[in-house]
Amino acid sequence: MSVFSRARIPSITDREWDLAAGLFRQKGAAIGPARLRIEAGLKREVACSLLLGIFEEGQADLSFLVYHDCSEHPVNERKYIDGFQPVPWRCPECEQLVTNENELRYELRAILRAPIEFG
Amino acid sequence: MSGISKGDIARTLLAGILGLDGAKEATLCPALYTPDGRVGDYLAKMDPLVQLKRAGKLDSAQTQQLGYMLEELALLLFQGLEDVDVVKSYQSAGPQHDLLVSGSDSLWLCVCKLLRIEHFSGILIEAKAWSEKIGDNELQRLGSILAHHLGQTVGLGVFLTLEGASGFPAQGEQSLGLRHSRVTQLVIYHALKKPIVVLDWEDIMGLNEAGALITVLRRKIDEIEHMTGLPPALAGEPVEILLPERMRPLCSIKPPQPAP
């Protein structure tokens, strides 16, 4: 089990840290800012610090879920290192050509490579 | 619809990096440069023209087309930097330059910080689709514009070229001597504290990846100070560890292994 050090996120509280730790013990778990907010009370910025931290340390694969106006569900997923969806781009859901990036929205998602122990 | 806008998530990522102790600045690069979806098409159309030009087989109409396409590509590339809110094009009888991009929000400030631009100002880009390397005159002219005309608003000059600049090492070469426009580049940098960097066609071909424009510009800017005499690595390449042979076994960071 790999270890992620609490010292990397100075602003996190004891309670947030303990609650978040429970989510990271399962290999393959999918974790995003919304889940961290609901289940551990983390603000979006703190959740991003945590997700970027485990990504930097190679403990998780990080990606952008891409949403389009046409659907409530993600219409694409891109690795974090591949960045945002370039436009113009044809949406695979509605098959319309997206030329305005304001039609797109994003969410982060981390998939754990292995259980992480919060140290 | 779920999710948040590109700008909002990029700003949240910036806040996340600022709240992460020991974070690597480069981690944010993919969120700060998104190549326009048309860049790939431009590169695919331009590359055969560049090869024809190198072979001396381009007619005048194709030469003009290539020049226009390089200017258009400059716009597509640099508007991909996050939070760009000023794009201006200039072409006058006096100082002539092609494109000025700038911004004012937090993400643009982060781009400037990564590019070591002082005073969080703009970038001036000039496209030169010449078959020969650009020389002293071009660097001096851009340096003069940076000093006298856009002194308060521009902190970085960029040439987009096909063949680079005279005196600069090509890929695979090391040139420890200072010659031609490389001297001018250094003089301007030390006088103004503003770098002027030169991208050649091989650099440009690597810019259709998230973050790549920032990575390449940063390596070019760093090279002005580091003076290794080596060309900066292309966008997708890891940076080589440059040490004398006797010191390499002591270095804990290993150079990349050549592909099998």
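A salt bridge here is a side-chain nitrogen of Lys or Arg within 4 Å of a carboxyl oxygen of Asp or Glu, and by that rule this predicted model has 22 of them over all chains.

**View 1. Chain A on its own.** Three helices and eight strands make up chain A, and read from the N terminus the order is β-α-β-α-α-β-β-β-β-β-β. The C-alpha trace spans about 45 × 25 × 20 Å along its principal axes. Of the 119 residues in chain A, 47% are buried. If you take the contacts in chain A between residues at least 6 apart in sequence, 58% join residues at least 24 apart.

**View 2. Around Pro33(A).** Pro33(A) sits in helix α2 of chain A, residues 33–40, and counts as buried because its relative accessibility is 2%. Setting aside neighbours within four places in sequence, Pro33(A) touches Arg44(A), Ala47(A), Leu51(A), Glu107(A) and Leu108(A). Val46(A), 13 residues along from Pro33(A) in sequence, is 8.7 Å away, C-alpha to C-alpha.

**View 3. Cysteines without a bond.** How many disulfides does a search of the whole structure find? Zero, over all chains. For Cys48(A), the closest cysteine sulfur belongs to Cys110(B) and is 14 Å off, so the two are too far apart for a bond. Cys70(A) is in no disulfide either, with the sulfur of Cys91(A) as its nearest at 3.7 Å; the cut-off is 2.5 Å. Cys48(A) is buried at 0% relative accessibility, while Cys70(A) is partly exposed at 35%.

**View 4. Where chain A meets chain B.** The contact draws on 35 residues from chain A and 29 residues from chain B. Together the two chains bury about 2700 Å², 63% of it on carbon and sulfur atoms. On the chain A side, Glu56(A), Phe84(A) and Arg105(A) lose the most area to chain B, together 24% of what that side buries.

**View 5. Polar pairs across the interface.** There is one salt bridge between chain A and chain B: the side chains of Glu101(A) and Lys6(B) meet at 3.0 Å, N to O. Ten residue pairs are in polar contact across the interface. On the side of chain A that touches chain B, α3 (44–56), β3 (60–68) and β7 (104–112) each supply at least two residues, and the largest share, eight residues, comes from α3(A). Sorted by class, that side has 18 nonpolar, six polar and eleven charged residues.

View 6. Side chains of opposite charge can pair when their charged atoms come close. Lys113(B) and Glu25(B) pair up at 2.8 Å, N to O. Lys113(B) lies in helix α5 (residues 106–114) and Glu25(B) in the loop between α1 (6–18) and α2 (29–32), so this pair ties together parts that are 88 residues apart in sequence. Glu25(B) is partly exposed, at 32%.

View 7. Arg54(B) and Glu202(B) form a salt bridge at 3.1 Å, N to O. Arg54(B) belongs to helix α3 (residues 39–54) and Glu202(B) to helix α8 (residues 201–205), 148 residues apart. Both are partly exposed: Arg54(B) at 35%, Glu202(B) at 34%. In another salt bridge, Glu223(B) and Arg182(B) have their closest N and O atoms 3.2 Å apart, and this pair joins helix α9 (residues 212–226) to helix α7 (residues 180–192). Here both residues are buried. Finally, salt bridges with shared partners join Asp8(B), Arg11(B), Asp83(B) and Asp105(B) into one network.

Key:
Residues numbered from 1 in each chain as written. Chains lettered and ligands numbered in written order. Predicted model: local features only at pLDDT ≥ 70, side-chain atom pairs only at ≥ 80, totals over all residues. Heavy atoms only, no water. Buried < 20%, exposed > 50% of the residue type's maximum accessible area, 1.4 Å probe, protein only. Helix = DSSP H or I, 4+ residues; strand = E, 2+ residues; numbered from the N terminus. Contact = heavy atoms within 4.5 Å. Buried area = accessible area lost by both parts, 1.4 Å probe. Polar contact = N/O pair within 3.5 Å; in protein donor to acceptor, adjacent residues only side chain to side chain. Nonpolar A, V, L, I, M, F, W, Y, C, P; charged D, E, K, R; others polar.
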